[in-house]
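This report covers a single protein chain. The model comes first, and the description follows it.

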Amino acid sequence: GKQIASGNWDGTIKILDSQSGDFQSTLTGHSDFVVSVAWSLNGNLIASASYDETIRIWNSQSGVCVSTLTGHSDSVSSLAW
């Protein structure tokens with residue numbers, strides 16, 4: 001891919017150019033550490049798991065959170081498509 005997504009201790013997801021390492025955007029919405037991120041197979045979505053007990057699904061082009069999955073009773077530490 002052309003981009004890398006990183007989960008961060010400040011509750012954000014940073015999107016970086018995979019070749020240059022240049023910062024491209026920040027996805028905000030989690031209220032605690034983001035410990036896992038994964039791109040969908042087609043690259044259109046990013047999923048993020050957080051200590052705030054949620055998984056969020058993001059539009060990778062716009063950076064908009066399109067869904068928040070709740071129901072966990074503790075931190076969500078990993079995910080996969």
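## Basis of the model

The model is predicted: local features need pLDDT of at least 70, side-chain atom pairs count only at pLDDT 80 or more, and totals for chains, interfaces and linings use all residues. Residues are numbered from 1 along each chain as its sequence is written, and side-chain values use heavy atoms, with hydrogens and water left out.

## Overall chain

The chain has seven strands and zero helices, and its pattern along the sequence reads β-β-β-β-β-β-β. Helices (H or I, at least four residues) and strands (E, at least two) are DSSP runs, numbered from the N terminus.

The radius of gyration of the chain is 12 Å, which agrees with the value near 12 Å for a compact globule of 81 residues. This radius is taken over C-alpha atoms, and the globule rule is 2.2 Å times the number of residues to the power 0.38. The C-alpha trace spans about 40 × 25 × 20 Å along its principal axes.

Of the 81 residues, 31% count as buried; the term means under 20% relative accessible area, with exposed meaning over 50% and partly exposed in between (1.4 Å probe, protein chains only). The chain exposes about 4800 Å², of which carbon and sulfur atoms supply 48%. Accessible areas come from the Shrake-Rupley method with a 1.4 Å probe, and for residues only the protein chains shown count as cover. Among contacts between residues at least 6 apart in sequence, 29% join residues at least 24 apart, a contact being heavy atoms within 4.5 Å.

## The three-stranded sheet

An open sheet of three strands is ordered β1-β2-β3, with antiparallel pairing. Strands β1 (3-7) and β3 stand at its edges with a single partner strand each, so one side of each lacks a neighbour in the sheet. On average, neighbouring strands here are turned by 20 degrees against each other, direction ignored. Axes are lines fitted to C-alpha atoms, for helices over the stretch in contact, and angles run from 0 to 180 degrees between N-to-C directions. Two strands pair if DSSP finds at least two bridges between them.

Five bridges join β1 and β2, and Ser6 has Lys14 in β2 as its bridge partner. The hairpin of these strands has five residues between them, and Gly11 takes a positive phi near 85 degrees there. Strands β2 (residues 13-17) and β3 (residues 23-27) pair over four bridges, with Ile13 opposite Leu27 in β3. Their hairpin also has five residues between the strands, and in this hairpin Gly21 has a positive phi near 80 degrees.

Phe23 lies in β3. Leaving aside residues up to four places away in sequence, Phe23 touches Lys14, Ile15 and Leu16. The C-alpha atoms of Phe23 and Gln3 are 9.7 Å apart, with 20 residues separating the two along the chain.

## The four-stranded sheet

A second open sheet, of four strands, has the order β4-β5-β6-β7 and antiparallel pairing. Its edge strands, β4 (34-39) and β7 (65-69), each pair on one side only. Neighbouring strands of this sheet are turned by 20 degrees against each other on average, direction ignored. Strand β6 (residues 55-59) runs antiparallel to β7 and is joined to it by four bridges; Ile55 has Leu69 in β7 as its bridge partner.

## Glu53

Glu53 is in the loop between β5 (45-50) and β6. Its phi is near 75 degrees, a positive value in a residue other than glycine. Most residues other than glycine have a negative phi. Glu53 is partly exposed, with a relative accessible area of 32%.
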